[in-house]
Amino acid sequence: MNRISRTLSAAVGLVLAAGLAALPTTAAAAPAPAVQGYTATTGYAGSAAEDADNQAFYAAVMKSALAKQAATPYLKAVVVTYDASSAPTFRTQISQSAQIWNGSVTNVQLRSGTNADFRYYEGNDTRGSYASTDGHGSGYIFLDYAQNRQYNSTRVTAHETGHVLGLPDHYSGPCSELMSGGGPGTSCTNPYPNSTERSRVNSLWLRG
């Protein structure tokens with residue numbers, strides 16, 4: 001909780017919508033200072049810097065969603081709004097991954113709409129698919145064409161969405177663990193978070 005507080009303090013004065021507005025119209029050309037990718041080189045387990053940047057992204061999305069929820073305090077779950085209009089090729093997979101997460105957790109729900117808390121983009125990138133953040137709370141999810149032909153696209157999308165909900169990569173995990181990403185290989189098609197991942201997301205979003 002201390003790390004989240006520090007991250008939020010660093011992001012004081014930033015408005016998530018303004019950060020997103022600064023993104024390029026084509027994410028293929030977008031700089032990604034820090035990314036949480038779907039695949040990793042052999043033996044790579046992620047880094048503290050990546051975890052911290054991902055935490056900043058998650059914290060800012062939560063802050064944005066909670067600010068809007070203040071107008072509807074009767075809602076039992078925090079609603080996080082996403083915009084998939086810049087990733088039309090993956091509209092079905094994005095919708096499926098949202099349904100998977102919505103059926104897996106109770107304290108946060110994903111909805112498609114305007115005035116989004118985060119956005120999806122598509123294109124070609126040698127880094128593959130990733131959740132990108134500038135380290136100051138704004139970010140987006142990028143879906144790479146080639147990687148989504150190689151790996152199960154719904155799993156890739158659900159995995160990257162897991163970063164927005166606060167989960168880090170864990171490449172050494174089994175196929176049953178969504179955040180193991182591409183670690184188990186291309187034969188792994190599981191798009192569902194396991195019980196530990198579901199519990200962690202529910203815990204993170206319980207009280208904002």
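## About the model

This is a predicted model, in which local features need pLDDT of at least 70 and side-chain atom pairs count only at pLDDT 80 or more, while totals for chains, interfaces and linings use all residues. Residues are numbered from 1 along each chain as its sequence is written, and side-chain values use heavy atoms, with hydrogens and water left out.

## The chain as a whole

The protein chain holds seven helices and six strands. These are DSSP runs numbered from the N terminus: helices are H or I with at least four residues, and strands are E with at least two. Along the sequence, the elements come in the pattern α-α-β-α-β-α-β-β-β-β-α-α-α.

The chain has 208 residues, and 52% of them count as buried. Buried means under 20% relative accessible area, exposed means over 50%, and partly exposed lies in between (1.4 Å probe, protein chains only).

Now to contacts, meaning heavy atoms within 4.5 Å. Of those between residues at least 6 apart in sequence, 68% join residues at least 24 apart.

## Where α4 meets α6

Helix α4 (residues 91-104) packs on α6 at an angle of about 60 degrees, and their axes are 8 Å apart. Axes here are lines fitted to C-alpha atoms, for helices over the stretch in contact, and angles run from 0 to 180 degrees between N-to-C directions. The two helices are therefore oblique to each other, a term for angles that are not under 35 degrees (roughly parallel), over 145 (roughly antiparallel) or 65 to 115 (roughly perpendicular).

On the α4 side, Gln93, Ile94, Gln96, Ser97, Ile100 and Trp101 meet Ser153, Thr154, Thr157, Ala158, Thr161 and Gly162 of α6. By class, this contact has four nonpolar, eight polar and no charged residues. Nonpolar covers Ala, Val, Leu, Ile, Met, Phe, Trp, Tyr, Cys and Pro; charged covers Asp, Glu, Lys and Arg; the others, Gly among them, are polar.

## Two loop residues

Asn115 sits in the loop between β3 (108-112) and β4 (118-123). What is its phi near? Phi of Asn115 is near 50 degrees, a positive value in a residue other than glycine. Most residues other than glycine have a negative phi. Asn115 is exposed because its relative accessible area is 52%.

Gly183 lies in the loop between α6 (153-164) and α7 (195-204). With 47% relative accessibility, Gly183 counts as partly exposed. Its C-alpha atom is 7.2 Å from that of Gly173, 10 residues apart along the chain.
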